[in-house]
Amino acid sequence: IQTLIDELGRLPGIGPKSAQRIAFHLLNSDRDEVERLATALREVVDKVKFCDICFNVSEETTCRVCRDPRRDQTTICVVEESKDVAAIERTREFRGLYHVPEDLHIAELLRRLSSPVITEVILATDPNLEGEATATYLTRLLASTGITISRLASGLPVGGDLEFADEITLGRAFSGRRAVTV
């Protein structure tokens, strides 16, 4: 049991108490439920790999986004992780392609950007120190390509209160404001 608790505790976002709760939940679960979980874990390890083009997770050598001919081939959105692709896809607002570089894969990105079809790169890195540094680095690196480089807007969340916004977020909300039309 302690080995299971220790292994669960190594997962991101799972502390010792959560690991213990999950372990005891599994002990009290139906054998079929535990087998389904074990099968799902084995299948993820055995079947999921990274797309040869964008590095998103995929069960094939090329992910479904890169294979989809209906996607906008002129725009590449650079994100930090595959879960960011899932978040953007849920919005149904972006119809372009992705570049999901755990370790940037700069050479591969530059190779993709050498295509005359690409007209814009959207930098959708997290608005934290690491994400900002990555966006700044990529902006400088890509400045000479002639491709439009944009960054996702950042600012106040819907339902948020101004008094609780930090100075950087509030400042970005001001600088990224847009005109209101009637």
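**Helix packing, salt bridges and loop residues**

Glu7 counts as partly exposed because its relative accessibility is 42%; buried means under 20% relative accessible area, exposed over 50%, and partly exposed in between (1.4 Å probe, protein chains only). The model is predicted, so local features need pLDDT of at least 70 and side-chain atom pairs count only at pLDDT 80 or more, whereas totals for chains, interfaces and linings use all residues. Residues are numbered from 1 along each chain as its sequence is written, and side-chain values use heavy atoms, with hydrogens and water left out.

The side chain of Glu7 meets that of Arg10 in a salt bridge, with an N to O distance of 3.0 Å. A salt bridge is a side-chain nitrogen of Lys or Arg within 4 Å of a carboxyl oxygen of Asp or Glu. Arg10 counts as exposed because its relative accessibility is 64%. The structure holds 9 salt bridges.

Arg64 pairs with Glu89, and the closest N and O atoms are 4.0 Å apart. Helices (H or I, at least four residues) and strands (E, at least two) are DSSP runs, numbered from the N terminus. Arg64 is exposed, because its relative accessible area is 52%, whereas Glu89 is buried, with a value of 17%. A network of salt bridges links Arg64, Arg71 and Glu89.

The other pair is Arg172 and Glu132, whose side chains meet in a salt bridge of 3.1 Å, N to O. Arg172 lies in helix 8 (residues 167-175) and Glu132 in helix 7 (residues 129-142), and the two are 40 residues apart. Arg172 is partly exposed, with a relative accessible area of 27%. Glu132 also counts as partly exposed, at 22% relative accessibility.

Helix packing is considered next. Two packed helices are described by the angle between their axes and the distance between the axes. The axes of helix 1 (residues 2-9) and helix 2 (residues 16-27) come within 8 Å and cross at roughly 130°. Helix 1 is therefore oblique to helix 2. Axes are lines fitted to C-alpha atoms, for helices over the stretch in contact, and angles run from 0 to 180 degrees between N-to-C directions. Angles under 35 degrees count as roughly parallel, over 145 as roughly antiparallel, 65 to 115 as roughly perpendicular, and the rest as oblique. The crossing of helix 1 and helix 2 is right-handed; a crossing is right-handed if the near helix is turned clockwise from the far one by less than a right angle, and left-handed if anticlockwise.

On the side of helix 1, the contact (heavy atoms within 4.5 Å) is made by Leu4, Ile5, Leu8 and Gly9, which meet Pro16, Ala19, Gln20, Ile22, Ala23, Phe24 and Leu26 in helix 2. By class, the contact of helix 1 with helix 2 has 9 nonpolar, 2 polar and no charged residues. Ala, Val, Leu, Ile, Met, Phe, Trp, Tyr, Cys and Pro count as nonpolar, Asp, Glu, Lys and Arg as charged, and the others, Gly among them, as polar.

Helix 7, which carries Glu132, also packs with helix 6 (residues 106-113): their axes come within 12 Å and cross at roughly 45°. That angle makes helix 6 oblique to helix 7. Helix 6 passes helix 7 in a right-handed crossing. Ile106, Leu109, Leu110 and Leu113 in helix 6 meet Tyr137, Leu138, Leu141 and Leu142 in helix 7. The residues of this contact divide into 8 nonpolar, no polar and no charged.

Arg92 has a phi near 60° and lies in the loop between helix 5 and strand 4 (97-99). Arg92 counts as exposed because its relative accessibility is 74%. His105 has a positive phi of about 50° and is placed in the loop between strand 4 and helix 6. With a relative accessible area of 25%, His105 is partly exposed.

His105 is one of the residues touched by Phe55; the others are Phe50, Ser82, His99, Val100 and Glu108, not counting residues up to four places away in sequence. Phe55 lies in the loop between strand 1 (49-50) and strand 2 (57-58). Phe55 is buried, because its relative accessible area is 14%. Phe55 and Tyr98 are 43 residues apart in sequence, and their C-alpha atoms are 8.5 Å apart in space.
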